[in-house]
Amino acid sequence: MSTTGIAAKSKFANGHPADYRRVYVWEMPVRAYHWINAIVLVVLCITGYLIGAPIRAFYASEAYQQYWFGWIRFLHFLCAYVYVFNFLMRIYWGFVGNKYAKWNNFFPLTKAQREEIMDVLKTDVFQVKLHGAISTGHNALAAFIYFFTFLAFCAQSITGFALYSSMSNSWIPRMFTWIVPLMGGEMSVRYWHHLFMWFFVTFIVVHIYLAFYHDYIEGRGTISSIVGGWKFDKMPEKKD
Amino acid sequence: MGQSIWQSMEKKGYSRRQFLQFCSAAAAAAGFAQSGVAQVVSAFEKKEKPAVVWMHFQECTCCSESFIRASHPIVADALLDVLSLNYTETLMAASGFQAEKSLQDTIKNNKGKYIVLVEGAVPTKDGGVYCMIGGKTAESILQEVSKDAAAIVAWGSCASNGCVQAAKPNPTHATPIHKLVDKPVINVPGCPPIADVMMAVVTHVLVLGQIPALDSLGRPKEFYGRRVHDTCYRRPNYDAGLFVESFDDENARKGYCLYKLGCKGPVTYNACSVVRWNEGTSYPIQSGHPCIGCSEEGFWDNGPLYQHLSTFPGFGIESTADTVGTFVAAATLAGVAAHAVVTNVRKHKVIAEVHAEEEKEQ
């Protein structure tokens, strides 16, 4: 007989609704960060792809009659700025936010975190468990992967600003001019910047799926939590 | 004691008016304002004309070919004829021991005053045996020549960043000049560099006796400060999203942007679209061909030339990052779908088990 979490939960849930409590997991700035990031990342991927491989979208007989490629690029640069400052805000919130937003979530420094990583691997990847004892906030594996995502954010911001620096007098992109010779010219900077886009595309696919997956197997409102901030947490085990 | 440029021109029968014309052309080529002409005149009148040695290492001589096609013949004539171009394998009449002696004499007699122009990269592998002149390796010649030089100019992409010799796998370990000498080197990249740019750089060094303002890659800011793209006359088509789709389409005839045919103008720093080539006649993009980015480091390795994005290593010629990325994203989607199916099967089993348990309890 299976002794999975689902079975145990169903037993509690059967006529004991108070066994679950609401936990305010994602504070407003975290949710705002998530959705701004989501929108901006999608726009960046689409416009970035179009900058690399423009389509024949509109036709004009004279160049002055339209500016659509210019607008695509403008949108890309605009979103890039939003994305960077949004990310900086999140880093700040990692120090002042609640315990689910704290910076130390993203590094598996404790034994408990490392054990949870194994647990999540068993649940998500190897599928030998249907529902482990997964923590209420970010699970340890997801958080650790977000850490690598943050590194990708940094790489993408740095290469992006390096490419942008030649067309800007602003001090922010100008800080990254030295990246270009370091990476062997703009051709290779652009190459890496482009390649990283596919990391984000892949991340988006996996992230959305796993969010639904955890909602589906845990049954405690993972999907709605990023809208309202509430998750449902099992009360400490009560002996009947 | 050597002669000044004015003295040697006078001796050759040039008039004062022709000399002043030459000075104006030289000043313009070096990018001085009108007020700078007096400075040029003064320098050419008084300064002893500097000795110049032009070294050839691993290269194709396209830089020399470009140089002799400068659009100010009077400048070219003056620099090649009037200047003491004491050593250049391609153009000098002397050969053998005579030529090598000329080089030695120049170095000895003009210590700290002569200018070294280097064309070509220097191979350093296997003791430098892949490029030897007069029984000496290119590397030892370079060290010898550059030791007492007043200025070193690296002509073309070979000398500036290695160009085709340094393309992967770089079998001779071709090395750009600035990595071998510990003096400031003026890099004038391009395959070849624009004739008038070469002329201007030489003029600047001769006239002012100093190195022009250089960027972080050692290139003169005057000519390499902007991208080909920034000054391209087809740029409005780029912003409008009007692109040539293939070399023989209607858009090509209309002169739309060549970006989709792999134009490297947006990542290439050069003065082609301003100075142009062959007496300002045209430049590649104006002739309907995308820029191949010949003045950028590693442009051979960032190919193909007619593709906007470099190929992805290890996946065959036609794979760009996009092909690989699409494949990875599709594989991820497929994996996710398979995962969802397995999850559902497993969850159904668990639900059934729970139901069975509940029924048993009741």
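At what angle do helix α2 and helix α8 of chain A pack, and how far apart are their axes? The close-ups below, taken from a predicted model, begin with that pair.

**View 1. Helix α2 packs with helix α8 in chain A.** Here you can follow residues 28–52 (α2) and residues 186–218 (α8) of chain A, which pack at an angle of about 140°. Their axes are 10 Å apart. The crossing of α2(A) past α8(A) is left-handed.

**View 2. The residues where α2(A) meets α8(A).** On the α2(A) side, look for Leu41(A), Cys45(A), Gly48(A), Tyr49(A) and Gly52(A). Their partners from α8(A) are His194(A), Met197(A), Phe200(A) and Val201(A).

**View 3. The domains of chain B.** Moving to chain B, the domain assignment places domain 1 at 5–223, domain 2 at 226–310 and domain 3 at 325–362. If you compare domain 1 with domain 3 of chain B, their centres, taken over C-alpha atoms, are separated by 72 Å.

**View 4. The side of chain B that touches chain A.** In this view, 41 residues of chain B are in contact with 42 residues of chain A. Within chain B, α11 (235–240) and α14 (321–361) each supply at least two residues of this side. The most comes from α14(B), which gives 17 residues. What is the make-up of the side of chain B that touches chain A, in nonpolar, polar and charged residues? You will find 18 nonpolar, eleven polar and twelve charged residues there.

Key:
Residues numbered from 1 in each chain as written. Chains lettered and ligands numbered in written order. Predicted model: local features only at pLDDT ≥ 70, side-chain atom pairs only at ≥ 80, totals over all residues. Axes fitted to C-alpha atoms, helices over the stretch in contact; angles between N-to-C directions. Helix = DSSP H or I, 4+ residues; strand = E, 2+ residues; numbered from the N terminus. Left-handed = near helix turned anticlockwise from the far one by under 90°. Contact = placed C-beta atoms within 7 Å. Domains from an automatic or database assignment. Nonpolar A, V, L, I, M, F, W, Y, C, P; charged D, E, K, R; others polar.
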